Amino acid sequence: MAITYDESKKIFTLTTNNSEYQMKVDDIGLLLHTYYGKPVYGTDMSYQIVPVDRGFSGNLYEYRMDRGRSIDTLPQEFSGCGMGDYRISSVAVKAKNGSRTCDFRYKSHSIKEGKPSIPGLPSVRPCDDEVSTLVITLEDRLTGLEAELFYSVFMDKDIITRHTRFVNASDNGMILEKAASMMLDLQYGEWDEIHFAGRHCMERSVQRNRLSQDIRVISSKRGMSSHHQNPFVILCDHTATEESGSCFGMMLMYSGNHKTEIEQDQAGAVRIVSGINDENFSWNLKSGESFDTPEVIMAYSAIGLSALSHLYHRIIRENVCDRKYLDMKRPVLINNWEATYFDFNSDKIIDIAKTASELGVEMMVLDDGWFGKRDDDNSGLGDWLVNERKLPGGLRRITDEVTKMGMKFGLWFEPEMVNEDSGLFRTHPEWALRDPGRNPNLSRNQMVLDMSNSEVVDYLFDCMKKVLDSADISYIKWDFNRSVCNVYSNALEPSRQGEVAHRFMLGTYSLLDRLTKAYPDLMIEGCAGGGGRFDAGMMYFCPQIWCSDDTDAIERLEIQEGTSFGYPVSTMGSHVSAVPNHQTGRTTPLSTRGVVAMSGTFGYELDITKLTDEEKSTIKEQIKTFNRLYPLIQKGTYYRLSQGDQSEIYKAWEFVAPDGSEALINIVLKKSQANARIKNVHLKGLCADAMYRLEGTEQVLSGAALMYGGYAINLSSGDYSSAQLHFIKTT
Ligand code: GLA
């Protein structure tokens, strides 16, 4: 059984193939967290709690004669607030009488097969996995606030998902001011935290820091999960490597304001609290109402970071993204953005599509600028009507041509935004988020629509439906090009304004949900100025997300590698673009741009009509190579082969078939050096006793030789050269 409850010891045990999670109800009803890690086969781990009477750590009334037991030091499963646990709280609540304390105690629990969905929010799909769910209800007897802690255990996938449902079981109203999804207390260990930070055009850089007695906060209040701090955090042994050490992952499945706090306390214990960012958050909970938090996907690996990444890659591919995309070949696409920006007409788009189709590209994506009055980025957002001046004959003319070429067609939208200079804003100024009487902050000269207002969501659905019904459109690129502020909804009463940021996300998710249900064959690629909403919440609706607006192949090495810690390559939108690169001015070989972009969903974003014949034939070959290697790249196990070594002048990574039958090594020279060292790459995941032939050569080597000895590569000199080596098992 994945979930058991030992009534005599009052122990809950959640078991996956390679991990165990344990909680215990103590004699006064506190729910203690006693263990998470490698299986301990049901041993009651509460022996690890050593009572210490620490000064200034007070005692609950029942513990007053037992001063070693303080809620300030006990490892708890989900803390209350204001009762003397001075570490980070998982809840903040204001009762009707103004009181701000909450003392959660065990009330009841249930264990069921399967996994319920979370109303209004994306959550990990149970699919046909063996999943069971434990719900533990905690209650604060004074205020009547209940916290239902949901745990769903994916036994074979080594994943536990968690979320919390807060229920007002009292007769009075109350206000939630913090509502965490999960909390995790670890009593012992020397830990590093790893998070993925960045900026527009450089998302998800790996940040690894040793914990000390302080509080680390990884968060966003930008109304989006953000380029700046991804909602994915790893806690690992200070000595953990790609292949060794305990690693815990916590990935919040949410695209809005988030916050993960990590505190190392006075005793060296670590507490992690994760959920919606509580800054400017409040939620009115009337009698009988409930509030569901986003879900956290938790994983544990006892054997280092690579294995942790593999757990996330699998659960995201199989249970977060819609299953129908698991085996569906994603189209190699061409996007006109970096080719034309706003300067295009139908003929230009058809020309690009024609050349691209001759080279094997499978989909033409028309980016920003096809609608309203949109000749630059100062106007038009909100007016989702084709600009017939630019595109005479409408979209239909283009899609008819593109379809004749045997290609699919995709279209860009930025649904949640509006320009001041737009018909929509002139008609409905109250639909923009803005404080009454105050000019809003503009970013890219645009405002944010009030997605918490269902009228706005209905309007957007109708507009998008009209466009989608007007032509043969198989794909949408869903963009979001600014951070959110002036978070005030003109449709909500003043006392509920603290709810707007979360209600915004619920509105966006509901629009995505309606569209994916109304158009089951439509694929939506997420985007937010590149990877500003690269999170599991969006992945529920969008099987791929544009990884970054930085298309420079060398910068992409870092971006895609950082992204790979939590997310599989099948989610990473990645294109070959022109040189000199539009973001960095760097010139890299077309072959290297191909190698890097192929480790993603693959496409092109340049004016293909202007390329030389030689370049075109290289592209033709790249597409053939990608299509041939597609199953290995998209479904193979991904290994980082050069992570962490800052002095490394190469970046290398590998895809290996799950059965070890083939492997693809990718290696890129980041910096040319005279008289440079040879790079010896140690392959991973091969069958040690099998023989492998290097494709295109007669060289045959054992898996053991390739893994333990390595394969030495001397890349050609010259800037940013690269190689792809394909090893195929012969015996
Ligand atoms: C964002 C996207 C780009 C492009 C532009 C269009 O920056 O990330 O790929 O679509 O918007 O305005």
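Six bridges join strand β15 to strand β20 (residues 296–301), and the two run antiparallel; strands are DSSP runs of E with at least two residues, helices are runs of H or I with at least four, and both are numbered from the N terminus. Strands count as paired if DSSP finds at least two bridges between them. Within this pairing, Met-250 stands opposite Met-298 of β20. Strand β14 (residues 229–237) also pairs with β15 in the antiparallel sense, over five bridges, and here Ile-234 has Gly-249 as its bridge partner in β15.

Before we go on, a word on the model: it is predicted, so local features need pLDDT of at least 70 and side-chain atom pairs count only at pLDDT 80 or more, while totals for chains, interfaces and linings use all residues. Residues are numbered from 1 along each chain as its sequence is written, and side-chain values use heavy atoms, with hydrogens and water left out.

How enclosed is β15? Let us look at its residues. Strand β15 (residues 247–252) is largely enclosed by the rest of the structure, because six of its six residues are buried; buried means under 20% relative accessible area, exposed over 50%, and partly exposed in between, with a 1.4 Å probe and protein chains only. In a regular strand, side chains alternate between the two faces of the sheet. Both faces of β15 are covered, with Cys-247, Gly-249 and Met-251 buried on one side and Phe-248, Met-250 and Leu-252 on the other.

Next comes helix α10 (residues 590–598), which is mostly covered, with eight of its nine residues buried. Among these buried residues are Leu-590, Arg-593 and Met-598. The elements that the buried residues of α10 pack against include α9 (553–564), α11 (613–635) and β39 (722–729); contact here means heavy atoms within 4.5 Å.

Now turn to the ligand, which 13 residues surround, the closest being Asp-367, Asp-368, Lys-477, Asp-479 and Asp-549; a residue is near the ligand if one of its heavy atoms lies within 4 Å of it. The protein covers 96% of the 300 Å² of accessible area that the ligand has on its own, by the Shrake-Rupley method with a 1.4 Å probe.

Finally, Asp-26 sits in the loop between β3 (19–25) and β4 (31–37). Asp-26 is buried, with a relative accessible area of 10%.
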